[in-house]
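User: I have a structure open here and want to go through it with you. Can we start where the ligand sits?

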Amino acid sequence: MKRIGVLTSGGDAPGMNACVRAVVRTGAALGMEVFGIEHGFDGLIRGDIARLGPRDVSDTIQRGGTILKTARSKEFRTPEGFQRAVSMAHNFKLEALVVIGGNGSLQGALELQAAGVPVMGLPGTIDNDLAFTDFTIGFDTAVNTALSAISNVRDTSNSHERTTIIDVMGRECGDIAIYAGITGGAELILVPEVPVDLDDICRQLIESRRRGKSSSIIIRAEGVDISSQELDSEIARRTGLEVKTVVLGYVQRGGSPTAADRLLASRVGNHAVALLAADITGKAIGVQGGQVVAHDLAAALQMPHKPMDELVALAQTLSM
Ligand code: F6P
């Protein structure tokens, strides 16, 4: 294989640039021509495609966001848009596409593969909701951003003896919440994987005050079925405690990627292109148990989510 494309798609994630860089430079090392496709699948449809050489990705490894831009393409979801994307890949004589993105983007990649455009899927999302890899690109940075916010909030929460709810992203996955919550010493961590019981939350908050805690941090993951506003008002109403809410939002999606994210991104980007050079396609590349792995993309997207019971139990024990 001599001519490949690379794109980033869906929500951006810190480390996407490190991954694009690894794809471009590994391609160059293996004598390939690598083309950057801008704006995700939208750019593929429109032909926003240009050759990328090793110098084009200089000074990008430390940058958050994605130099290729990204989109959640509605047009790609239409039969006409999808067909245009397939035709454009053929017009540019791209023998394979490296797609860096989350669940929806990799599902799109799988559809392209079925339509005759070979692909490689790389896990680019802060959510850590892809089961074929222990960690996704961007997750570690997002957790550290959330952790830094928790530490700041903890100071003021302690001074004012308040209860503070910190709302974090993650879509249907509670990983950002549980990792940032445990490492930030949160009193309560609410994740979509565990049903939320308001009575129990209020009971635990009152008990922790009785045990001598004068403030509490509650981390709420995005996918939890009770909103942070409702939590805030219900806890205040039922316990009489003063409650404040901080929604971290897009702050978690930006920032310079951590070493862990840069390394993960570099390893999976490199491996994807090495496999393409050997004419192997249709894989999802991740890292499991410290090793780079390549799973069949279709099977990878069907894998059940990793269990979080151990971390949930750990959080409960340490929050006493
Ligand atoms: O998938 C990453 C993510 O940040 C999720 O945590 C969140 O649900 C979603 O993207 C927000 O997406 P958008 O950028 O389209 O608002």
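**Ligand site**

Analyst: Start with Glu 222: an N or O atom in its side chain is 2.6 Å from an oxygen atom of the ligand. That is a polar contact, meaning a pair of N or O atoms within 3.5 Å; within protein, one must be able to donate a hydrogen and the other to accept it, and residues adjacent in sequence count only if both atoms are side-chain atoms. The protein buries 78% of the 400 Å² that the ligand exposes taken alone. Those accessible areas come from the Shrake-Rupley method with a 1.4 Å probe; for residues, only the protein chains shown count as cover.

User: What kind of model is this, and how are residues numbered?

Analyst: It is a predicted model: local features need pLDDT of at least 70, side-chain atom pairs count only at pLDDT 80 or more, and totals for chains, interfaces and linings use all residues. Residues are numbered from 1 along each chain as its sequence is written, and side-chain values use heavy atoms, with hydrogens and water left out.

User: Back to the ligand. Which residues are around it?

Analyst: Arg 72, Thr 125, Ile 126, Asp 127, Met 169, Gly 170, Arg 171, Glu 222, Tyr 250 and Arg 253. The cut-off for being near is one heavy atom within 4 Å. By class, that shell has 3 nonpolar, 2 polar and 5 charged residues. Here Ala, Val, Leu, Ile, Met, Phe, Trp, Tyr, Cys and Pro count as nonpolar, Asp, Glu, Lys and Arg as charged, and the others, Gly among them, as polar.

User: How far is the side chain of Arg 72 from a ligand oxygen? And a polar side-chain atom of Asp 127?

Analyst: For Arg 72, a side-chain N or O atom is 2.7 Å from an oxygen atom of the ligand. For Asp 127, the distance is 2.7 Å.

User: Where does the ligand lie relative to the domains?

Analyst: Domain 1 (3-138 + 257-300) and domain 2 (140-253) both give residues to the shell, so the ligand lies between them. The bounds come from an automatic or database domain assignment.

User: How far apart are the domain centres?

Analyst: The C-alpha centres of domain 1 and domain 2 lie 34 Å apart. Across the boundary, 15 residues of domain 1 are in contact with 13 residues of domain 2. Contact means heavy atoms within 4.5 Å.

User: New topic. Is Thr 136 buried or exposed?

Analyst: Thr 136 counts as buried because its relative accessibility is 0%. Buried means under 20% relative accessible area, exposed over 50%, partly exposed in between (1.4 Å probe, protein chains only). Thr 136 is in the loop between β5 (119-123) and α5 (139-160). Helices (H or I, at least four residues) and strands (E, at least two) are DSSP runs, numbered from the N terminus.

User: What does Thr 136 touch?

Analyst: Leaving out residues up to four places away in sequence, its contacts include Thr 125, Ile 126 and Asp 127. Those three are also among the residues around the ligand.

User: Which residues other than glycine have a positive phi?

Analyst: Lys 69, at about 65 degrees, is one of them. Arg 171, near 55 degrees, is another. Most residues other than glycine have a negative phi. Arg 171 sits in the loop between β6 and α6, and at 42% relative accessibility it counts as partly exposed.

User: And α6 itself, which residues are buried?

Analyst: In α6 (residues 175-183), Asp 175, Ile 176, Ala 177, Ile 178, Ala 180 and Gly 181 are buried. They pack against α5, β6 (163-168), β7 (188-190), β8 (216-221) and α11 (309-318).
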